[in-house]
Amino acid sequence: MYYKCLDCGHVFTEEETTPKSEYLTKLDNIPVYETRYACPACGGDYEEAHECEGCHDHFGEDELYDGKWCLNCLRDALDYDSFFEYATSNQSPFGYVDGIAEFVYGRIFNIDYHSLPSAGSYEFQRHMHEIYLREVAKDKLLFASDHTPGHRLLDDIKSWVLDDGTESDREDFAEWLTQRKER
Ligand SMILES: [Zn+2]
Ligand SMILES: [Zn+2]
């Protein structure tokens, strides 16, 4: 069992916790102390820590999505292909058009998807997929090296899924990732 400090983030085992004596009250004028266990690094309170399935680091419960993945691992798992797979799956939270169409409108054309024509047709979606794949090819060409400065479509993809929505959008992607791993 691992624990994580709520104050400093230090991760430690049960054996490493340090006893700390704390003044509780006075009984018949005799001070009463209570022993409590604390973070060995800073003396702070701690919570149970859970291992991330991706990087195997330890995190507090509310730092893991689907109880399994830390935010960094979600970010790492998103690439051009996995986003396409996720956004066109029926688990994606993107509404009546598939997620690629919504992404192409929202991020590439900068048009609010609520103003989308009600074009859920196969041709429309295929056209959106073609635009997406073309933009991906451009991005791969432009940013062949990780150190190329500038604005990447890949960064847009990551923030579209993980940063622009709510916590539940992160959960959706984490659940999809878990299921993909189990397949
Ligand atoms: Zn600490
Ligand atoms: Zn991780």
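The following legends describe close-up views of a predicted model. Residues are numbered from 1 along each chain as its sequence is written, and chains are lettered from A and ligands numbered from 1 in the order in which they are written. Because the model is predicted, local features need pLDDT of at least 70 and side-chain atom pairs count only at pLDDT 80 or more, while totals for chains, interfaces and linings use all residues.

**Figure 1. Overall architecture of the protein.** The protein contains six helices and eight strands; helices (H or I, at least four residues) and strands (E, at least two) are DSSP runs, numbered from the N terminus. Along the sequence, the elements follow the pattern β-β-β-β-β-β-β-β-α-α-α-α-α-α. The C-alpha trace spans about 85 × 35 × 30 Å along its principal axes. The radius of gyration is 24 Å, whereas a compact globule of 183 residues would have one near 16 Å; the radius is taken over C-alpha atoms, and the globule rule is 2.2 Å times the number of residues to the power 0.38.

**Figure 2. The open sheet β2-β1-β5-β6.** Four strands form this open sheet, with antiparallel pairing; two strands pair if DSSP finds at least two bridges between them. Strands β2 (11–13) and β6 stand at the edges, each with a single partner strand, so one side of each has no neighbour in the sheet. Strand β1 (residues 2–5) pairs with strand β5 (residues 46–51) over four bridges. Within this pairing, Y3 has E48 as its bridge partner, and C5 stands opposite Y46.

**Figure 3. The two hairpins of the sheet.** Three bridges join the antiparallel strands β1 and β2, and the bridge partner of Y3 in β2 is F12. These strands form a hairpin with five residues between them, and G9 in the turn has a positive phi of about 85°. Two bridges join β5 to strand β6 (residues 58–59), again in the antiparallel sense, and H50 is partnered by F59. The hairpin of β5 and β6 has six residues between the strands, and H56 in the turn has a positive phi of about 65°.

**Figure 4. Packing of helices α3 and α4.** The axes of α3 (residues 99–108) and α4 (residues 122–142) come within 8 Å and cross at roughly 55°; axes are lines fitted to C-alpha atoms, for helices over the stretch in contact, and angles run from 0 to 180 degrees between N-to-C directions. The two helices are therefore oblique to each other, the class left after angles under 35 degrees (roughly parallel), over 145 (roughly antiparallel) and 65 to 115 (roughly perpendicular). I100, A101, F103, V104 and I108 of α3 meet Q125, M128, H129, I131, Y132 and E135 of α4, contact requiring C-beta atoms, placed from the backbone, within 7 Å.

How values were computed. Contact = placed C-beta atoms within 7 Å.
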